[in-house]
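This report describes selected features of one protein model. Please keep the sequence and the structure in view while reading.

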Amino acid sequence: MVGDLAQPMAPFAASLVSGFPTEDGALLREVVDRFFARDPDTEAMTEDGMAAMGDMFEYFARLSATARKTGAVEDSVLARLLAWEGEDGKLDDQAIASHL
């Protein structure tokens, strides 16, 4: 019962703090589950885990690009990354995705 309540809540809460659309919670949970899934006969990440990492990176890069055009949730992690500026200028969407 705890898992039934907590598993959907974790991505919802993470989405709120990070500035991600809360309706993407199920998608994020599925990608994270794939990323962390292990095969007991393999020491390294699974092939699907590596694909999930790529899917997650692409999702974050698209999310950054969209937020750059339409605005990010105020005071979210994504908003802070979009606003950050270093010696070389602002972070591009790929750099933001790597930080998320």
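In this predicted model, the largest pocket has a volume of about 190 Å³. Which residues line the largest pocket? The lining consists of Q7, A10, P11, A14, S18, F20, L28, R29, V32, D33, M56 and F60. The most comes from α1, which gives five residues.

Aromatic rings are the next topic. How many aromatic pairs does a search of the whole structure find? The search finds four. One of them joins F20 and Y59 in an edge-to-face arrangement, with 6.3 Å from centre to centre and 90 degrees between the planes. F20 lies in the loop between α1 (2–18) and α2 (25–36), whereas Y59 lies in helix α3 (residues 47–70), so this pair ties together parts that are 39 residues apart in sequence. F20 has a relative accessible area of 10% and is therefore buried. Y59 also counts as buried, because its relative accessibility is 8%.

Another aromatic pair is formed by F35 and F36, and its arrangement is edge-to-face. Here the ring centres lie 4.9 Å apart, and the angle between the planes is 85 degrees. Is F35 buried or exposed? With a relative accessible area of 18%, F35 is buried, because the cut-off for this class is under 20%. F36, in contrast, is exposed, with a relative accessible area of 54%.

The table sets out the two pairs described above.

| Aromatic pair | Centre to centre | Angle between planes |
|---|---|---|
| F20 and Y59 | 6.3 Å | 90 degrees |
| F35 and F36 | 4.9 Å | 85 degrees |

Ring pairs also link F20, Y59 and F60 into a cluster. Two members of this cluster, F20 and F60, are among the residues that line the largest pocket.

D75 has a positive phi of about 65 degrees, although D75 is not a glycine. Where does D75 lie? This residue is in the loop between α3 and α4 (77–83). D75 counts as exposed, because its relative accessibility is 57% and the exposed class begins over 50%.

How values were computed
Residues numbered from 1 in each chain as written. Predicted model: local features only at pLDDT ≥ 70, side-chain atom pairs only at ≥ 80, totals over all residues. Heavy atoms only, no water. Phe/Tyr/Trp six-rings, centres within 6.5 Å; stacked < 30°, edge-to-face > 60°. Helix = DSSP H or I, 4+ residues; strand = E, 2+ residues; numbered from the N terminus. Buried < 20%, exposed > 50% of the residue type's maximum accessible area, 1.4 Å probe, protein only. 1 Å grid on protein atoms, 1.4 Å probe; cavity = no way out; pocket = protein on both sides within 12 Å on 5 of 7 lines; lining within 4 Å. Points joined across faces, edges and corners; volume = space filled by probe spheres on them.
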